[in-house]
Each structure stands twice: as structure tokens, then as C-alpha cells.
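Please open the model in the viewer and keep the selection panel at hand.

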Amino acid sequence: MIVLWEKMTEKFKIITGFDGASPFSMDGVTENQDGTFEVRPSWRSEPGISEEALGSGSRFSIKVENCTDHDQKFDCFINWQDATQQRLNHHDFVMIKFSDADDWEIIMVELGNGGAQLSVELPPGITHISTSPWYGYHTALDYIASKTGFTGVTTFSVGNSNEGREIPVLVIDTPDGCNDDKQDVMIIARNHAYESAGSFCIEGMVDDLLTNSPTPQALLKKYRFHFLPMTNPDGVYNGLSRLTAPNGADLNRSIEQPDAAWQALKNYIDKVKPQYLLNIHHWMDKEKDGLLTNTKADAEHFRALMPDLVEDKHYWLLEWTQLYLNQYGFNTCPEARKSWKDYTLEKFGTLAITLEFPWFNRTTNRMRKIGRQALDAFLKVNKN
Ligand SMILES: [Zn+2]
């Protein structure tokens, strides 16, 4: 059941409490005497840790209804409560899907006083305002359900989260089913709740593989694909930034954590033993795309296959394990810092890469296209 909270002035209705809203409760929204608003995206149902701690959030997502019949100026202070101002410089823009628009656009905001001042003309109807394009838990379920009739597609849940939500997977295989020579390719997204880029990238990959064109058909002869576009359903639904709960698990860590979503994800990885693993994220750096690998050769080969996305004014930041260890002065990677790419390499010899595709200068259609391009490059990287 979806519970919506609404706060209404003469002109505007603020809507929160929906799948992926942040702040998730009206307790994080204040209406001022002068008709302006303050929202606090760090609001949590209980005090949190990591990026769920006060002032450390990365997620903001509310809907605003202009209840009149003409454009109205909407003034809102997005109070990140970032007393240290360490993360604030990442919040100098928001993304908006206006009620009359097909896609999201970027609006710059003024930083100050631990937050950001948004001032924007809204057309009549419901406008969605977010740190990044919204992609809820149910968006993933609906998307996967829309593909069930396609040849070669199987969908199921790999397990439930702590709050009982399914962790959906979509497998694409050749229609005749099992071919033991096939290599298993796993693509996962939303380890971290706010990072919607991965969900859109996966839509781009799946849509492409389900066409009848020669390249996807050739790929399906060689590979079996496992897409998990929503690995952290509780964090996504409850409007969190990184974890599965205010004090929950970090799903990008392979160290054991007492969390049902973490266990379900690990069980599925252990069952499939993928030859290829692509984990898609989006960090808050605006123009840096992240290319995080186990070896220097993997990073350099991938970049050669998918050069800097200069059309978005983005460039790659490369980081492989040895470089990371040198940076932090470690001889070996501490267990608590290992991610799935370390884990699958050690256990199964997997070619594993983590990518970060921040939203700045990008639309959702562009992100789907980037997903297709990334999968194509990934499958051409030399496998030892
Ligand atoms: Zn992440």
C-alpha cells in the first residue's frame, strides 16, 4: 500500500510518502508563513549511520502540485542540514520533471546555510523534483513484468528484503534454454538506494537485447544474462541514500551483514558464479564517470573500448585495486572494504567491473543509451 502525505497551501500541494520519496514523511517538510517551504531530506524514521546520518544524505525527491491554472513561482529551501558543508557542493543542482515534460532537466540552485535554495516557475499539475531522476521499487517490478512475454525471458525473485519486498531478476537466455557452453553475465544496480542511473542503464541493455537485430542475437548465443535492477528495495522505497535501513547494510560490501537483501544477493551470486559481473552506481561527482576494476589492464582496456563521454562533458576516473590499496596504504584489502568485484574475482575468477554514471548533463534516454554502450564495451574486455 502506498501512503501519501500531503501539505497544502492555496497554490501548492507538497506530496511525499510515495515509493522513493525523500524526506519520506511530512515531518521533514515545513511550510513558512510567507508561502515558501523548507524540506529536510536527511529526515529518517530513526537516527541513522553512514549516508543516513543527519546532514550526510544524497537523496531528495518530492512532488509538488501547482493547484492553480497558471504558472506559479515555487520557493523552497532544501535544508541538507550539512553543518560541516563537506557534501554540500554536490547539491548545487536538482533534477526536475515538469508536469508537462517527457524527461528530466537540470536546474542549478544557490548553496548556503547548509542547504540549497530552489526558486522555480512550476506549470499547473504535478511536478517531480529530485536529486536524480526518480526510479522507484515498483518501477522496477512494472518494468520486469512488462518483459515476461518475450522469448527467452524468465523473471523471478531471488529473495525478500527485511521488509518483505522482492528482489527481482530478469534472465535472458536462448529460448531452447540450457546451453552449458554459455557464459553467465550478471548486471546489478541499486546496491545504494539513491543511485537510479543503474536502473535506467539496465532498461537500455534489456530493451536492446530483446530486439531482433544481429548484435543482440549474437550475444544471446554466447551469454546468459542476469539483470538485477533493484537489489535494495527497502532503501529505494523508503527514500534512503545508501543503506537498506537507517542502520542497515551496505549492499556494495561483500563482508557478511545481518540483512535479508544482502543474503539474497550473495546467495544468487554464489549460485550463478558469473563469469562477468557489472555493478552500476552513480556517485555525486558531477563530471567524473567512475571505472573501478580489479586490474589496471581491465580499466585501460574498458576505457579504450568506451572512451570518455565528452558529449556529456564527462571523463573517466580510473581506479583498480592496487591503486586503491596504495592510496590508502594497505598491503591487502581489508575484508570490510571489499565489494562484489573483489569477492567474485577471488571466488570464481570473474571479470568484474563497477561503473559510476552521475546524472549531470544527462537525461533518462541518454542514460539508457549509456547502459547499452557500457555492456557492449564490457563484453569485449579481454578475459584472462
Ligand atoms: Zn554507489
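How many bridges join β13 to strand β15 (residues 223–228)? The model is a predicted one, and in it three bridges join these two strands, which run antiparallel. To find a pair of facing residues, select Val171 together with His226 in β15, which stands opposite.

**Stop 1: strand β13 and its hairpin**

β12 and β13 run antiparallel and are joined by six bridges. Asn160 has Glu166 of β13 opposite it. Five residues lie between the strands of this hairpin, and Gly164 takes a positive phi near 85 degrees there. Strand β13 itself spans residues 166–172; five of its seven residues are buried, so the strand is largely enclosed by the rest of the structure. The cut-off behind the word "buried" is 20 or more other C-beta atoms within 10 Å of the residue's own.

**Stop 2: the sheet of eight strands**

Now extend the selection to the whole sheet. This open sheet has eight strands in the order β12-β13-β15-β14-β16-β19-β17-β18, and its pairing is mixed. Because β12 and β18 stand at the edges with a single partner strand each, one side of each is left without a neighbour in the sheet. On average, neighbouring strands here are turned by 20 degrees against each other, direction ignored.

Move to the end of the order that holds β17 and β18. These two strands run parallel and are joined by six bridges. Select Thr293 and then Trp320 in β18, its bridge partner. As a general point, strands of a sheet pair through backbone hydrogen bonds, either parallel or antiparallel.

**Stop 3**

Select helix α2 next. It lies across β13, β14 (183–189), β15 and β16 (276–281), and runs at about 145 degrees to β14.

Helix α2 (residues 197–209) and helix α9 (residues 364–378) pack at an angle of about 65 degrees, and their axes are 7 Å apart. The crossing of α2 past α9 is right-handed. For the contact, select residues of α2 including Phe200, Ile202 and Met205, and residues of α9 including Met367, Ile370 and Leu375. The residues of this contact comprise nine nonpolar, three polar and six charged.

**Stop 4: helix α6**

Which residues of helix α6 (residues 296–305) are buried? They are Asp298, Ala299 and Phe302. These residues cover an arc of only 95 degrees around the axis, which means that they are on the same side of α6. To see what covers the buried residues of α6, display β17 (288–293), β18 (315–320), β19 (351–356) and α9, which are among the covering elements.

**Stop 5: the sheet of five strands**

Finally, select the open sheet of five strands, whose order is β3-β4-β6-β10-β9 and whose pairing is mixed. Its edge strands are β3 (29–31) and β9 (110–112), and each pairs on one side only. Neighbouring strands of this sheet are turned by 25 degrees against each other on average, direction ignored.

β9 and β10 pair in the antiparallel sense over three bridges.

Technical notes: Residues numbered from 1 in each chain as written. Predicted model: local features only at pLDDT ≥ 70, side-chain atom pairs only at ≥ 80, totals over all residues. Buried ≥ 20, exposed ≤ 12 C-beta atoms within 10 Å, placed from the backbone. Helix = DSSP H or I, 4+ residues; strand = E, 2+ residues; numbered from the N terminus. Pairing = 2+ DSSP bridges. Axes fitted to C-alpha atoms, helices over the stretch in contact; angles between N-to-C directions. Left-handed = near helix turned anticlockwise from the far one by under 90°. Contact = placed C-beta atoms within 7 Å. Nonpolar A, V, L, I, M, F, W, Y, C, P; charged D, E, K, R; others polar. Arc of directions from axis to C-beta.
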